[in-house]
Amino acid sequence: MATLKYISGFGNECASEDPRCPNALPEGQNNPQVCPYNLYAEQLSGSAFTCPRSTNKRSWLYRILPSVSHKPFESIDEGHVTHNWDEVDPDPNQLRWKPFEIPKASQKKVDFVNGLHTLCGAGDIRSNNGLAIHIFLCNTSMGDRCFYNSDGDFLIVPQKGKLLIYTEFGKMLLQPNEICVIQRGMRFSIDVFEETRGYILEVYGVHFELPDLGPIGANGLANPRDFLIPVAWYEDRRVPGGYTVINKYQGKLFAAKQDTSPFNVVAWHGNYTPYKYNLENFMVINAVAFDHADPSIFTVLTAKSLRPGVAIADFVIFPPRWGVADKTFRPPYYHRNCMSEFMGLIKGHYEAKEGGFLPGGGSLHSTMTPHGPDADCFDKASKAKLVPERIADGTMAFMFESSLSMAVTKWGLKTSNSLDENYYKCWEPLKSHFTPNSRNPAGPN
Ligand SMILES: O=C(O)Cc1cc(O)ccc1O
Ligand SMILES: [Fe+2]
């Protein structure tokens, strides 16, 4: 595969032309009477027309045929995609899943769309407020099928296998430890090369932003220049009656046939694009004296709600770094949180658990559900010599943290067959160390 090119930057106004058609972008206007190369002009709006400039998002696509050139959409089987948050009764327990099983290609060919499984979520698509967490488990490329989501944005976290993503804006190659965001309405098709697995955070009605940095200053965490946007690429490919456009609309799946590839955008400009980011580029900031900083310090992207400081969902990572805090229990503290915490593991081993939380699995600690280090981790970290130490080398855990109280789907609790019934046992060995008559000299003064 030839190396793909990208434009660097987050949320910028960009312009891109497929080099086969120089000057395909109209000059000085968006809607010429006749576009260069006789292309059609089409606007893709990612915000209300009247949003303030800081949040206004749209792109202009110059394409061989407009997206409207398709037969009517018809309802198709949704498989395991759902937005029904009442499928099963609520369960406040700590939940953990073993690695979700990927179907074998020799048994059943499953592409990215057929392989979507909704695990949990909350909120309402029709009022543009909420989120869903999906797991994708697939082994086959989408071929002449593409997908677009009318309901929200997808933040895709591949865990096993590369994804070659064709989008209307160009191509992106995504490896595990990279993430991408494909925003509402953008058509894409995914090629895979092996049995492939990953996680998706879908947010309804809002877009991901970089978190404010406050006293951190102008640099740090995920730096804007490390976000990569594809460059224009088109194919002028006829597939009479044979190309299928799949749409998730109000939580249901629909399909429409068309005669041509939808990846027919010769040039585009705008600030509403897909993008990818390599998690290795995250500039980690953390405690260098004592105590454990809250995980918000690791926020890569946030999808804000209307309440200040409260996210529909944050995407947070736990990257490799140095642990140097003195007189400190270094792993995550025991806690209860008004937010819901879904965690996944891309590779390695998570610092709060000695066992049981595996790459390709997950955990959900719901609103106010207590959790924290397992007993082995507590034991080790309470006795550890506090020398500078590499934490999480070769590891990448992440969290989708939401202010909404999430429901788990039937697939998540039952059909996936991945729920770890023994999760609670990892805290059972915790015992009282209380010594009323002797104060631990290591404690605070
Ligand atoms: O529960 C978890 O493992 C995630 C987490 C990590 C951390 O360092 C502090 C709080 C928190 O919720
Ligand atoms: Fe937590």
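**Exercise 1. Describe the open sheet formed in the order β2-β19-β4-β3.**

Solution. Four strands make up this open sheet, and their pairing is antiparallel; strands are DSSP runs (E, at least two residues), numbered from the N terminus, and two of them pair if DSSP finds at least two bridges between them. Next, the edges: β2 (14–17) and β3 (40–45) each pair on one side only. The twist from one strand to the next averages 20°, with axes as lines fitted to C-alpha atoms and angles running from 0 to 180 degrees between N-to-C directions. Finally, β4 (residues 58–63) and β19 (residues 265–270) run antiparallel and are joined by five bridges; Leu 61 has Trp 268 in β19 as its bridge partner.

The model is predicted: local features need pLDDT of at least 70 and side-chain atom pairs pLDDT 80 or more, while totals for chains, interfaces and linings use all residues. Residues are numbered from 1 along each chain as its sequence is written, with chains lettered from A and ligands numbered from 1 in the order in which they are written.

**Exercise 2. Characterise the side of domain 1 that touches domain 2.**

Solution. Begin with the bounds, which come from an automatic or database domain assignment: domain 1 is 70–263 + 273–279 and domain 2 is 282–419. Their C-alpha centres lie 23 Å apart. Then count contacts (C-beta atoms, placed from the backbone, within 7 Å): 48 residues of domain 1 touch 48 residues of domain 2. On the domain 1 side, β7 (116–124) is among the elements giving two or more residues, and β7 gives the most, with seven residues.

Key
Contact = placed C-beta atoms within 7 Å. Nonpolar A, V, L, I, M, F, W, Y, C, P; charged D, E, K, R; others polar.
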